[in-house]
Structure formats: C-alpha cells, structure tokens
Amino acid sequence: MRPMRLQALLARAGVTSRRKAEEMILKGLVRVNGEVARLGQKVGPEDVVEVAGKRVELPKERLVLLLHKPKGYTTTRLDPHATKTVYQLLPDIPGLQAVGRLDRDSEGLLLFTNDGELLFRLTHPRYGVRKVYRVWTERGTLPQEVCRRLLAGVALEDGPARALACRPAPGGAILTLGEGRKREVRRMLQAVGYPVKRLLRLQVGPIRLGDLPPGKWRRLSEEEVQALLREVGLE
C-alpha cells in the first residue's frame with residue numbers, strides 16, 4: 001500500500017464515507033499508532049489505524065462482482081421480512097456491499113464491491129454515473145412525446161427527475177438516468193401514465209450486463225475495474 005490520506009483509507013476500508021471520516025477524525029475518534037489522528041495525515045502499511053479501539057485494515061485486494069439479479073430477491077443482507085436476498089446468490093466475502101439497490105421486483109445488473117471509496121462514488125449523485133434500463137409498461141411502447149416529457153423532467157414527491165436518454169422499444173422503452181433514487185424509474189413512468197410491468201437494468205457506467213444468466217454472478221476483469229475507477233475519478 002502506498003501512503004494515503006487517512007480519510008481516504010477509512011473510506012477505502014468501508015468504515016464510512018470520506019466526508020464522514022473527516023468528521024470522525026476532527027472529533028478525535030480515530031487513532032494512528034496510539035495517537036489521536038490529524039485531518040489530512042498520511043498513513044502507510046506500517047501504521048496501525050484504529051476507530052473506536054478496533055483496528056482498520058484495507059481489503060487485501062479490491063473486488064467488484066456483477067450479479068444478474070432475478071426478480072423476487074431483495075438487495076439486503078439481513079431482512080426479517082425477506083425470504084430471498086441477493087447475498088444468498090453470492091460467495092461469502094467479508095466487506096462485500098451492494099452498489100446501490102434494485103427493488104425486489106426489478107431485475108438485472110447489480111454490482112458489489114469491498115472498496116468503500118469506490119462504492120461511495122458509484123452511488124453518490126455528484127458523480128452522475130449513468131444507469132441504463134429496459135422497461136416494459138402496462139400500456140406498451142412509450143410514444144416519442146412521452147419520452148420528451150421524461151427528458152424534460154417530471155415532478156416527484158422528493159423533487160424533479162429527468163431521463164438523460166429515452167427511446168421507445170417494443171412494449172416500453174430504454175431509459176438512461178444519472179442518479180439512483182429509490183424506485184425512481186418506476187415513479188417517473190407512473191408520473192407520465194405508463195406504469196412499469198417489468199424493469200431490467202442493463203448497464204452501470206461502462207459495465208454491461210451482457211448475456212449473464214439470471215441468478216449468476218461473475219468477477220469483473222481488471223480492465224472493467226479500471227474503467228469503473230476512471231468513471232468516478234479514482235484513476
């Protein structure tokens with residue numbers, strides 16, 4: 001490990017986001033080699049970093065997995081109300097976290113990583129990582145005029161939302177969004193009078209679902225991981 005700023009290490013280790021790590025350091029909750037840490041302090045492989053008395057270590061390697069989430073699975077690790085979760089489909093890897101969510105009835109590409117900083121950047125609206133969805137609606141193919149409404153933006157209860165791209169497709173449309181609010185695609189299409197019947201996520205940033213079967217997962221190649229890092233400014 002090359003020396004890095006302490007707040008970056010805490011984020012990379014999945015302790016918290018970089019911003020919250022800075023707050024923890026300022027509050028004196030982080031120690032380096034037994035001493036209260038300083039904001040902006042750099043640490044290397046020989047340093048012992050502790051938060052609340054517990055040692056913090058980086059994962060031995062950065063992992064990013066791609067799962068083709070089937071319908072009926074919740075994106076959670078522990079949920080007393082869920083009989084099927086996405087983690088039941090994955091290997092038991094410490095620190096592995098879902099990059100955003102797909103609701104239980106949605107399908108398609110779902111990424112997982114053990115890198116906290118990558119997770120944060122892929123999910124924070126500031127970085128505008130594009131997500132592509134194939135949708136089928138209860139009223140069939142979206143007319144061009146409805147696509148234009150989605151591109152212009154529609155009002156939702158938590159603020160306006162708009163598609164970055166929209167084109168009609170048989171039975172529905174293909175939509176591109178730059179953020180990932182809860183059930184955003186479904187709520188946007190409901191707002192324009194085209195309730196979603198089926199939703200399949202095809203792409204996140206440069207990563208495509210491809211022909212991976214439902215319920216199966218694969219590890220991203222090093223080239224794909226590097227493309228993700230470039231997408232969010234980590235390379």
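Student: Is threonine 75 buried or exposed?
Tutor: Threonine 75 is buried, at a relative accessible area of 6%; buried means under 20%, exposed over 50% and partly exposed in between, with a 1.4 Å probe and protein chains only. This is a predicted model, so local features need pLDDT of at least 70 and side-chain atom pairs count only at pLDDT 80 or more, while totals for chains, interfaces and linings use all residues. Residues are numbered from 1 along each chain as its sequence is written, and side-chain values use heavy atoms, with hydrogens and water left out.

Student: Where is threonine 75 found?
Tutor: In the loop between strand S7 (64–69) and strand S8 (97–98). Strands (E, at least two residues) and helices (H or I, at least four) are DSSP runs numbered from the N terminus.

Student: What does its side chain reach?
Tutor: The backbone oxygen of leucine 102, at 2.8 Å.

Student: And which residues is threonine 75 in contact with, leaving aside neighbours within four places in sequence?
Tutor: Lys69, Val86, Ala98, Gly100, Arg101, Leu102 and Leu110. Contact means heavy atoms within 4.5 Å.

Student: Changing topic: how many disulfides does a search of the whole structure find?
Tutor: The search finds 1, joining cysteine 147 to cysteine 166 with S to S at 2.1 Å. The criterion is a pair of cysteine sulfur atoms within 2.5 Å.

Student: Which parts does the pair tie together?
Tutor: Cysteine 147 lies in helix H4 (residues 144–152) and cysteine 166 in strand S13 (residues 165–169), so the link ties together parts 19 residues apart in sequence. The link is left-handed, with -60 degrees about the S-S bond. Both cysteine 147 and cysteine 166 are buried.

Student: What volume has the largest pocket?
Tutor: About 720 Å³. A pocket is an open set of points on a 1 Å grid over the protein atoms alone, where a 1.4 Å probe fits, with protein on both sides within 12 Å along at least five of seven lines; lining residues have an atom within 4 Å of a point. Points are joined across faces, edges and corners, and the volume is the space filled by probe spheres set on them.

Student: How many residues line the largest pocket?
Tutor: The lining has 32 residues, with Gly100, Arg101, Leu102, Gly180 and Arg181 nearest the centre.

Student: Which residues are buried in helix H6?
Tutor: In H6 (residues 222–231), Glu224, Val225, Ala227, Leu228 and Leu229 are buried. Just after H6, glycine 233 takes a positive phi of about 75 degrees.

Notes: A polar contact is a pair of N or O atoms within 3.5 Å; within protein, one must be able to donate a hydrogen and the other to accept it, and residues adjacent in sequence count only if both atoms are side-chain atoms.
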